[in-house]
Amino acid sequence: MEPTSGLAMQDDLSQPPALVSTTPEAASRFAEAVTIMARLRGPDGCPWDREQSFDSIRKYTLEETYEVLDAIERRDWTNLAEELGDLLLQVLFYSQMAADEGRFTIADVLDTLNRKLIRRHPHVFGEAASAAAGNQASVDAEVSGSAAKVLANWEQIKLAEKQKVAGEPRSLLESVQRAQPALSEAAKLGSKAAKVGFDWSHWRDLLAKVEEETAELVEVADEPVENSGRQQRIESELGDLLFTVVNLGRHLGVDGEMALRGTNARFRRRFGWMERAAGKPLSELAPAELEALWDRAKVDENAAAAAAGDGE
């Protein structure tokens, strides 16, 4: 009998051996997870699980999402498998609560997902299957291996799905969810607007826009503190500056959210180096001393990175 999972044979020995998992094995374990979740929420289940609501576990969904991102950034693949399980638990939890209230089941969730994947990939499953799954957009299924064409088709199909609400056309931007980090939302709004030509033509144009937004921020910040509405105007101008910087990143192929997470991580490392190197509380140092320590921290980090690169 063939194994249900294990190491796949491969020619490229420079890469880690690939793991394979059959559909029956995955389906069996998924069904087991669904059963466990139903038991936890059942009459004789866990008191904590039973008292949870959609509102009470929302914060855990966000927390688990960021823990998945953290595991990926640390390349901790063992931990990533665990964190993905925790994220999947959120889906099972919501689905079971919905089933308890007679709204929908996990089967409905999976059916909706499956139909969406087929509907939005006519180049893979065929135009007939895509139409049968609900596609009403007219797209060219011949993408010739172009990811850009795939994305263009995806957006057209997605827009057709949500084209009408109460007989009125929907805004292109309505598909960008508010419930996400603001930097990610800004990048997606800019990307959506670009699809109809509302965008900067070149990333260098955004540098001028950054200067313009910075000048406007300075102008407002220089107003007397007692001016009515000054703080709100500062917040607005700072938001405009951040929006512009995020879209500069988009033009350069850099995700603003990921770039800032990387900067946050570097700041943590360098600040920790300063604390260790100071030999006394940082609060006892003068600003010039703190700046000198920061510069040394950057030099030390760059030297360590260079040494690690030489060793590879």
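Predicted model: local features only at pLDDT ≥ 70, side-chain atom pairs only at ≥ 80, totals over all residues.
You can find T244 in helix 11, which covers residues 230-251. What does T244 touch, leaving aside residues up to four places away in sequence? Its partners are L206, K209, V210 and E213.

Now let us turn to the aromatic rings. A pair of such rings is described by the distance of the centres and the angle of the planes. The count here comes to five aromatic pairs. Take F54 and Y94: their ring centres are 5.9 Å apart and their planes meet at 10 degrees, so this pair is stacked, the cut-off for stacking being under 30 degrees. This pair links distant parts of the chain, 40 residues apart, with F54 in helix 3 (residues 54-73) and Y94 in helix 4 (residues 77-100). F54 has a relative accessible area of 27%, so F54 is partly exposed.

Next, look at F267 and W294. Their ring centres lie 5.3 Å apart with the planes at 45 degrees, so the pair is tilted. Because F267 sits in helix 12 (residues 256-278) and W294 in helix 13 (residues 287-311), the pair ties together parts that are 27 residues apart in sequence. Are these two residues buried or partly exposed? F267, at 45% relative accessibility, counts as partly exposed, whereas W294, at 18%, counts as buried.

Definitions and conventions:
Residues numbered from 1 in each chain as written. Heavy atoms only, no water. Helix = DSSP H or I, 4+ residues; strand = E, 2+ residues; numbered from the N terminus. Contact = heavy atoms within 4.5 Å. Phe/Tyr/Trp six-rings, centres within 6.5 Å; stacked < 30°, edge-to-face > 60°. Buried < 20%, exposed > 50% of the residue type's maximum accessible area, 1.4 Å probe, protein only.
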